[in-house]
Amino acid sequence: MINKEVQPQSRNYTVPLVTITLLFFMWGFITCMNDILIPYLKQLFSLTFFESMLVQFCFFGAYFIGSLIYFLVSISQGDPINKVGYKRGSCLESVWQRWGVSCFIRQQLSPITHSSSELYSFLV
């Protein structure tokens with residue numbers, strides 16, 4: 001009997017590597033946009049320093065709330081990433097980010113009479 005060694009198939013990981021790299025740059029760009037956006041929001045809504053920093057608080061607080069929800073779902077129902085999959089999860093996350101950006105655009109296109117209460121309702 002001849003013992004043939006099974007040769008592993010060579011896989012090309014270029015497309016997944018480029019996709020993940022672009023996603024990280026996109027997430028970093030969105031995070032840096034907060035720092036650029038805060039002075040404009042501060043001037044537009046006549047905010048104090050504390051009120052303008054609520055933008056950062058809400059942005060990074062969303063990471064905490066999302067992590068907490070993920071943790072609670074993982075404990076009760078198992079790992080969601082294994083159920084949804086990485087590719088579908090990344091697509092859903094991208095759709096969620098586009099929705100958030102469209103909220104910013106919609107808020108910018110609203111009439112010029114902005115108030116602090118509009119900003120608070122928008123951040124919530």
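Student: In what order do the elements of the protein run from the N terminus on?
Tutor: Helices (H or I, at least four residues) and strands (E, at least two) are DSSP runs, numbered from the N terminus. Here the order is α-α-α-α-α. That gives five helices and zero strands. This is a predicted model: local features need pLDDT of at least 70, side-chain atom pairs count only at pLDDT 80 or more, and totals for chains, interfaces and linings use all residues. Residues are numbered from 1 along each chain as its sequence is written, and side-chain values use heavy atoms, leaving out hydrogens and water.

Student: What span should helix H1 have?
Tutor: The expected span is 1.5 Å times one less than the number of residues. H1 covers residues 14-45, so its 32 residues should span 46 Å; the end C-alpha atoms lie 45 Å apart, which agrees.

Student: Where does H1 bend?
Tutor: A bend is the angle between axes fitted to the seven residues ending at a residue and the seven starting there. H1 bends by about 35° at Leu 37, and Pro 39 follows within four residues. After H1 comes Ser 46, with a positive phi near 55°.

Student: Which residues of H1 are buried?
Tutor: Buried means under 20% relative accessible area, exposed over 50%, partly exposed in between (1.4 Å probe, protein chains only). In H1, Leu 23, Asn 34, Ile 38, Leu 41 and Phe 45 are buried. Of the protein's 124 residues, 15% count as buried.

Student: Is Ile 65 buried or partly exposed?
Tutor: Ile 65 counts as partly exposed because its relative accessibility is 49%. Ile 65 sits in helix H2, residues 49-77.
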